[in-house]
Amino acid sequence: MKQIILTIFLWTVFCLAGMAQAKATFDKKVHEFGVVLWKHPATATFTIKNDGNKPLVISNVTTSCGCTDAEWTKTPIAPGATGKITSTFDAKALGRFQKSIGVYCNASDRPIYLTLRGEVSADPKNYTLTHPVEIGAIRLNKDAIEFDDAHKGDKPTMELLVANTSNEVYTPVLMHLPPYLEAVAVPERIGKKGTGKIKVTLDTDKLPKFGLTTATVYLSRFLGDKVGEDNAIPVSAVLLPDFSNLTQQQRLNPPAIELSALEITMPSLGVNEKKSQNIIVKNVGKGDLEITDLQVFNSALGVQLKKRVLKPGASTKMKITAYGKYLKKVKGTPRVLMITNDPNCPKIIVKVNVTAK
């Protein structure tokens, strides 16, 4: 009898140990750089989330060649939390490239491979490839500043690559910075036909709230420049909620959000047209689901939600409306952001594919 009890006990311990494991989920497995300027290092960031119930530990990250290096989150990543893997390609060899990054962690007995792809161009004057956004005589590599998901206390940095196509020395300045942003130009002055960058740092401790915070900054094209639609650059940052103070009961009985679609497509709209579609939001978890924040990334969309709190098993409709009169003016992809109290899915983005006629 004692032997049977001992066997059952050991089997139970073995099963429980097998059930507890880390699970690595990446926001992407491939990063497409597009065209990279020769001798201008390019950096990619991969976000890794622990969807398991045991801390996720990244023991090592390797690269396929010496032209690529990597940094990663060294501390254990708690269940539901995220970490980052950042890799920089030195861009010293011309032509197309494809580099691999091997991630060694306790979520897999084999390395998980990530990929960097792109093309290195030697033509420093062909800024239409490397800096596709035109603002007067200045060109940028992107038309919006979108920070990765952040937590309180983080200070992430984004870079705007700047090309000066004029015959004058240019001093890059971002005007109307909100208090949670800081911008530094490197170098401070860019010579004619030269390049540089603006490093924009986000201070999450100064963000006004959890969820989405948006603002508009303006690139000064010359000394004494004014603000307007032509030199506007939208900025967005998402501050994720803090789940560190959850009780054991809340951890064992979390809510779980489920949407009928994460991407919708609408027909092209004229200036005076609008179109709406509904998405079903459901709570498939064990606790009450709360939609703590619901916002759109730009004025081309409107969103309505009938209920902000859903009991387990309950559902509601989210109505998304696109407005044709704003589509030509907005920058960035039309999207809807939801922030929830689901510890395994605190942020959901719904992409809306719609264009102006």
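The questions and answers that follow go through this predicted model, from single residues to the whole chain.

Q: Why is Val303 called partly exposed?
A: The relative accessibility of Val303 is 23%. Buried would need a value under 20%, and exposed one over 50%. Since 23% falls in between, Val303 counts as partly exposed.

Q: Where does Val303 sit, and which residues is Val303 in contact with, leaving aside its neighbours within four places in sequence?
A: Val303 has its place in strand S22, residues 301-305. Its contacts are Leu294, Val296, Met318, Lys319, Ile320 and Val336. Each of these has heavy atoms within 4.5 Å of Val303, which is what contact means here.

Q: How far apart are Val303 and Asn278, in sequence and in space?
A: They are separated by 25 residues in sequence, and their C-alpha atoms are 9.7 Å apart.

Q: What makes strand S17 largely enclosed by the rest of the structure?
A: Strand S17 covers residues 232-239, and seven of its eight residues are buried, so the rest of the structure largely encloses this strand.

Q: How do you know that S17 pairs with strand S16 and with strand S11?
A: Pairing requires at least two bridges. S11 (residues 145-146) has two bridges to S17, in the parallel sense; Glu146 has Ser236 as its bridge partner in S17.

Q: What makes the largest nonpolar core a core, and which residues touch the most other members?
A: Members must be buried, of a nonpolar type, and joined through side-chain atoms within 4.5 Å. The largest such set has 26 residues, and Phe26, Phe46, Ile58 and Ile85 touch the most other members. Among the strands that each supply at least two residues of this core are S2 (30-37), S3 (42-50) and S7 (95-105). Not counting residues up to four places away in sequence, Phe26 touches Phe46, Thr47, Ile48, Ile85, Val103, Ile112 and Leu114.

Q: What share of the chain is buried, and how many helices and strands does the chain have?
A: Of the 357 residues, 40% are buried, each with under 20% relative accessible area. The chain has four helices and 26 strands.

Note on methods:
Residues numbered from 1 in each chain as written. Predicted model: local features only at pLDDT ≥ 70, side-chain atom pairs only at ≥ 80, totals over all residues. Heavy atoms only, no water. Buried < 20%, exposed > 50% of the residue type's maximum accessible area, 1.4 Å probe, protein only.
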